[in-house]
Amino acid sequence: MNQQFTKVRSIKDITIFSSFIIAGIILTTLSLGMGATLAGCTLIIIGVTLALILKSAYREANNPGIYHRRELFFEPQHKNELLRAMEHNPAKLSLNEEGKGLSIRLDLYYNAASSKAFLQLFEYIPYEYVAVSRVVECDKNKIEQIIE
């Protein structure tokens with residue numbers, strides 16, 4: 001089972017760049033002077049730029065649902081312990097040592113509407129994070145303490 005997650009726009013992203021564009025259009029159409037027109041044009045340019053680059057949600061290749069990602073970082077000595085917990089019982093993942101190192105990254109993809117969550121472990125090899133585990137599917141309710 002090989003999940004492929006791609007970045008997509010969320011409703012929040014669409015709301016943000018749309019509000020910039022709409023505010024810019026309103027400012028340019030009202031005859032409030034040259035300053036308001038320039039501010040409106042600037043807001044439109046910012047909104048279009050955000051529309052092109054702002055993608056904060058994820059979508060699984062075979063599933064139309066929107067997923068959110070949480071990254072957790074650990075020290076290298078916790079790699080084997082994390083791998084065992086992911087494979088056997090993701091509910092036993094311990095966050096006591098989270099945030100103390102940047103060498104091991106645990107990616108957690110979860111969907112607010114469904115009960116599915118996906119976990120994958122990465123290790124930092126100079127200049128990039130390389131996957132050291134397969135994508136593990138688990139029940140979101142079992143790892144609720146990690147998501148929050």
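Predicted model: local features only at pLDDT ≥ 70, side-chain atom pairs only at ≥ 80, totals over all residues.
A salt bridge is taken here as a side-chain nitrogen of Lys or Arg within 4 Å of a carboxyl oxygen of Asp or Glu. Arg69, Glu71, Arg105 and Asp107 together form a network of salt bridges. The structure holds six salt bridges, among them that of glutamate 123 with lysine 79, whose closest N and O atoms lie 3.1 Å apart. This pair connects distant parts of the chain, linking strand β5 to helix α3 across 44 residues.

Helix α3 (residues 79-88) has Leu82, Leu83, Ala85 and Met86 as its buried residues. Viewed down the helix axis, these residues fall within an arc of 165 degrees and therefore line one face of α3. Asn80, Arg84 and His88, on the other side, are exposed. The cover over the buried residues of α3 includes strands β3, β4, β5 and β7.

The largest nonpolar core comprises 19 residues, of which Met86, Leu93, Leu106, Leu108, Leu119, Leu121 and Ile143 touch the most other members. Two or more residues each are contributed by β3, α3, β4, β5, β7 and α4. Beyond its neighbours within four places in sequence, methionine 86 contacts residues including Leu93, Leu106, Leu119 and Leu121. A second, separate core of six residues includes Phe5, Tyr58, Tyr67 and Phe118.

Methods
Residues numbered from 1 in each chain as written. Heavy atoms only, no water. Buried < 20%, exposed > 50% of the residue type's maximum accessible area, 1.4 Å probe, protein only. Helix = DSSP H or I, 4+ residues; strand = E, 2+ residues; numbered from the N terminus. Arc of directions from axis to C-beta. Contact = heavy atoms within 4.5 Å. Core = buried A, V, L, I, M, F, W, Y, C linked by side-chain atoms within 4.5 Å.
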